[in-house]
Amino acid sequence: MAERILMIDDDSRLAGMVSDYLGGAGFRVTVAGTAQSGEALLKREAFDAVILDLMLPDADGLDLCRRLRGATDVPILMLTARGEPMDRVVGLEVGADDYLAKPFEPRELQARLRAILRRKGTVVKSDTLRFGRLEIDKGARLVRVDGEERTITSYQFALLLALAERAGRVLSRDALMDLLKGEKLEAFDRSVDVHVSRIRAAIEDDAKKPRRILTVRGAGYVFARDQDR
């Protein structure tokens, strides 16, 4: 599966060039033009690496790098038009994994990106999906809200994961059953609706007014991308 890269840079021309080049090399690139939008994307979705510009319109890149490193271990490649050695030192000290001065050769960017992915062992996609305050840890098969573990059954975890991995898409009950064919059905109840209700009780702030798993009348369910606004 292609590695997902988040590029946080307000230079649309450069971002377009990098997206095209890395896309041709097999990466999937998402671009955010501000620190705020970049942070929001990282909270909702899993990325394998971040390309971060030092100079952003709404925040200092070093401050953003420090915040990101405090919240995630995703590799960070910092870009800047300031090539002073001290900038590089500070960038690395606040958590960047590598540093590349503008202008740069796209081939060098790709090489450095692959290097930090190898060093961090993130060629395989992250095992944790994050949607605001909700975390779904695929490796440990755990669900947390605000860092607190929530209890659901193995089958309910598989159902939640099927929805979350297709966030924004409406899935019918039949489609969900097809996705879960490899999971052992729980003998006491095979109703998707009942399991969704129990998942909501575990992860929603108010199960009667859900904001994470939404019902689309006559169609099925959709897992919301934006949940905590």
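Mentor: Start with Arg 67 and Glu 39. They form a salt bridge, with the closest N and O atoms 3.0 Å apart. Arg 67 sits in helix α3 (residues 61-71) and Glu 39 in helix α2 (residues 35-44), so this pair ties together parts that are 28 residues apart in sequence. Arg 67 is partly exposed, at a relative accessible area of 39%.

Keep in mind that the model is predicted. The chain has a mean pLDDT of 86, and 87% of its residues reach 70 or more. Confidence is highest in strand β1 (residues 4-8), at a mean of 96. It is lowest in helix α4 (residues 85-93), at 67.

Next, Glu 165. Its side chain meets that of Lys 138 in a salt bridge, 3.5 Å from N to O. Glu 165 lies in the loop between α6 (154-164) and β10 (170-171), and Lys 138 in the loop between β7 (134-137) and β8 (142-145), so the pair links parts that are 27 residues apart in sequence. Glu 165 is partly exposed, at 43% relative accessibility. Lys 138 is partly exposed too, at 23%.

Glu 165 also forms a salt bridge with Arg 166, where the closest N and O atoms are 4.0 Å apart. Arg 166 counts as partly exposed, with 21% relative accessibility.

Salt bridges with shared partners join Arg 130, Glu 135, Asp 137 and Arg 144. Over the whole structure, the search finds 17 salt bridges.

Definitions and conventions:
Residues numbered from 1 in each chain as written. Predicted model: local features only at pLDDT ≥ 70, side-chain atom pairs only at ≥ 80, totals over all residues. Heavy atoms only, no water. pLDDT = per-residue confidence, 0-100. Helix = DSSP H or I, 4+ residues; strand = E, 2+ residues; numbered from the N terminus. Buried < 20%, exposed > 50% of the residue type's maximum accessible area, 1.4 Å probe, protein only.
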